[in-house]
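Thanks for making time this morning. Please have a look at the sequence and the model on the screen, and then I will walk you through a few local features.

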Amino acid sequence: MNYLQYYPTDIVNGEGTRCTLFVSGCIHACKGCYNKKSWSFNAGIPFDHAMEEQIIRDLKDTRIKRQGLTLTGGDPLHPANLAVLLPFVKRVKQECPEKDIWAWTGYTLQELDGLQREILPYIDVLIDGKFEQEKADPSLVWRGSSNQIIYRFK
């Protein structure tokens, strides 16, 4: 799995101060997408052990009170990304159990297959659904269009 960007301190992509990882790869190709460069699975750089360790260190760093980890992109729930992300979120929950995990996906909750659903027990907040430009609403919190749903699992 590749990623385009990592923000160790982010206040935009979820509640509180967060670590945010923008993964590469998305098949949805939403009209009006703000992050088209994330569509290619080859974009960015490989997510390696060093980046995983950096995120864990940042989540544990007590100098900044971080509420959790955000996974966005791209689409973190695309099956090609899950081989890396599933063990990673399990590790985050094991080593940083007080941190929450937010994820954005273009799939709806109902569309998720068995593999994709394996990550759900580790996700606290899921924002689902493709961005639909005709339903875009800048007043929405955490969503770009009104069809997207925020699920709070924990």
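The buried residues of helix 2 are in contact, meaning heavy atoms within 4.5 Å, with strand 2 (18-23), helix 1 (49-60), strand 4 (68-73), strand 5 (100-104) and helix 3 (114-117). Helices (H or I, at least four residues) and strands (E, at least two) are DSSP runs, numbered from the N terminus. This is a predicted model, in which local features need pLDDT of at least 70 and side-chain atom pairs count only at pLDDT 80 or more, while totals for chains, interfaces and linings use all residues. Residues are numbered from 1 along each chain as its sequence is written, and side-chain values use heavy atoms, with hydrogens and water left out.

Among the buried residues of helix 2 are Leu82, Leu85, Phe88 and Val92, where buried means under 20% relative accessible area, exposed over 50%, and partly exposed in between, with a 1.4 Å probe and protein chains only. At Leu85 the helix bends by about 40°, with Pro87 following within four residues; the bend is the angle between axes fitted to the seven residues ending there and the seven starting there.

Turning to the loops, Gly73 and Gly74 are joined by a cis peptide bond with omega of about 25°, and Gly74 sits in the loop between strand 4 and helix 2. Ala29, although not a glycine, has a positive phi of about 45°, and Ala29 is partly exposed at 42% relative accessible area.

Finally, the whole structure holds zero disulfides, a disulfide being a pair of cysteine sulfur atoms within 2.5 Å. For Cys19, the closest cysteine sulfur, in Cys96, is 8.8 Å away, which is too far for a bond.
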